[in-house]
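Work through the exercises below with the sequence and the structure side by side. Try each task before reading its solution.

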Amino acid sequence: MHTDSLIHASWIMPVEPAGQVLAEHAIAIHEGRIAAILPSAQAREQISASTVVELPGHALIPGLINAHTHTPMSLFRGMADDLPLMDWLNQHIWPAEKRWISPEFVADGSRLAMAEMIRSGTTCFNDMYFFPDVTGQVAQEAGMRAVLGMILIDFPSAWAADAEDYLNKALELHDQYRNEPLIRAIFAPHAPYSVSDAPLRKVRTLANELELPIHMHVHETVDEINQSRKNFGQRPLGRLEALGLPGPDFIAVHMTQLDDDEIEALAASGSHVVHCPESNLKLASGFCPVAKLLDAGVNVALGTDGAASNNDLDMLGEMRSAALLGKGVAQDPEALPAAQVLAMATINGARALGLEEQTGSLRVGKAADITAIDLEQLETRPLFDPVSQIVYAAGREQVSNVWINGCHLLRERKLVRMDHAQLLANAGQWQEKLIEWRQSQAS
Ligand SMILES: [Zn+2]
């Protein structure tokens, strides 16, 4: 057999079947897809490839899936820290967005975020932000797999004037990207506290018609629950249930406030949860009961949230935080074992996004979305279990190579399609503009 490329590595963790580790194996890639996974010795005899990559001491895992982020917000990284969610939004993030959001801002912020994600082993992200069409263009240039949130929020922005305008733009975005293999547009109403009933009903109807998932922040903080009780006489989830939102196509992000009945109802509805441990910790939003959700059969994926509330887009770090926090919250060291956390960061994300046929695990026929991690560093030695090393010990600096849809986009830590120096210079220009604006605001 002749293939486009052949990658030999010391370990391959396909994630499906769960917990499997293949030693001294190779992955053959042809026309963007995984053509074969077989022992290296056999591959050397049977497969000729245009490109052969030898990665001794490295592990290959499915490309990581960041199931919730706001890519353009990378330009606000570190601009306002150590604040509760509502102060952070009202006093800092929303005024900055009001002043700065534009296609240029979104393009530059998304590009910086994508470079960071590729260098951290992430191959697919689920975004929610204004000007998603621009993020889509940048993703196409970068070669990343992207799920664009068709944002909906009650207040006007530079992107849209009102609910009708947001929804019209959503449908245009969906049309624009419907035939792009790496890009998908899905509904993204911001949160229960920022979107009213009528547009949420419309989203449910349109999602049914177009068979698209709905991505939403839900039960992020205690404040959100209290406000909903006051304004609607019920908890946000109850209100969303009445509007028909939960279901197998519903992706609820954060979920730090959940009682046992709500967990049961979520499981019964088939809804997905995206856990963002570091953002929840930094904003002191509360703790998602991940072990309980998993025990109830809920599919739980992982996300970083935006770089303004994390403050990085590092899914290796997020896996470690999820594992540690999950054990702490469950008061059970056996909760969230390493292999399960790796599944949360890969196949569970693909399931939540409806992409499990394309990505999320290393299986013949799926797209070649692959991340290589160099475990032959003193930080990950000695080595008894490569999955344990990846979740508990490795840093993203050890991500060596990344392929998305078979394209080699990170080669020995070098970005292949993006200009590193240009990205740094551009971030510097935004830093100057934002500092100047903040000084003018203060005076
Ligand atoms: Zn978010």
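**Exercise 1. Overall build**

How many helices and strands does the secondary structure of the protein come to?

Solution. The model is a predicted one, in which local features need pLDDT of at least 70, side-chain atom pairs count only at pLDDT 80 or more, and totals for chains, interfaces and linings use all residues. Residues are numbered from 1 along each chain as its sequence is written, and side-chain values use heavy atoms, with hydrogens and water left out.

Step 1. Count the elements: there are 16 helices and 16 strands. Helices (H or I, at least four residues) and strands (E, at least two) are DSSP runs, numbered from the N terminus.

Step 2. Check the overall size. The radius of gyration is 21 Å, close to the 22 Å that the globule rule gives for 443 residues, so the protein is as compact as a globular protein of that length. The radius is taken over C-alpha atoms, and the rule is 2.2 Å times the number of residues to the power 0.38.

Step 3. Look at burial: 60% of the 443 residues count as buried. Buried means under 20% relative accessible area, exposed over 50%, and partly exposed in between (1.4 Å probe, protein chains only).

**Exercise 2. The nonpolar cores**

Find the residues with the most contacts inside the largest nonpolar core.

Solution. Step 1. A nonpolar core is a set of buried Ala, Val, Leu, Ile, Met, Phe, Trp, Tyr and Cys residues joined through side-chain atoms within 4.5 Å. In soluble globular proteins, nonpolar side chains tend to be buried together.

Step 2. The largest core has 133 residues, and Phe76, Phe187 and Met319 have the most contacts inside it. Helix α3 (residues 103-119) gives the most to this core, with nine residues.

Step 3. Another core, of 15 residues, lies apart from it; Ile12, Leu22, Ile29 and Val53 are among its members.

Step 4. Return to Phe76. Beyond residues up to four places away in sequence, Phe76 touches residues including Ile93, Phe105, Tyr129 and Leu434. Contact means heavy atoms within 4.5 Å.

**Exercise 3. A covered strand**

Which residues point one way from β9, and which the other way?

Solution. Step 1. In strand β9 (residues 214-218), five of its five residues are buried.

Step 2. Ile214, Met216 and Val218 point one way, while His215 and His217 point the other way.

Step 3. Find the partner strand. β9 pairs with strand β10 (residues 250-254) in the parallel sense over five bridges; pairing requires that DSSP finds at least two bridges between two strands. Ile214 has Phe250 of β10 as its bridge partner.

**Exercise 4. A two-sided helix**

Identify the buried and the exposed residues of helix α9 (residues 260-269).

Solution. Step 1. Glu262, Ile263 and Leu266 are buried. They cover an arc of only 100° around the axis, which puts them on the same side of α9. The arc is that of the directions from the helix axis to the C-beta atoms.

Step 2. The face turned away from the buried side carries the exposed residues Asp261, Glu264 and Ala268.

Step 3. The cover over the buried residues includes α8 (236-242), β11 (272-275) and α11 (290-295).

**Exercise 5. An open sheet**

What is the strand order of the open sheet of eight strands?

Solution. Step 1. The order is β3-β2-β1-β4-β13-β14-β15-β16, with mixed pairing.

Step 2. The edge strands, β3 (33-39) and β16 (414-415), each pair on one side only.

Step 3. Within the sheet, strands β4 (residues 48-62) and β13 (residues 370-374) run antiparallel and are joined by five bridges. Ala59 has Ile373 in β13 as its bridge partner.
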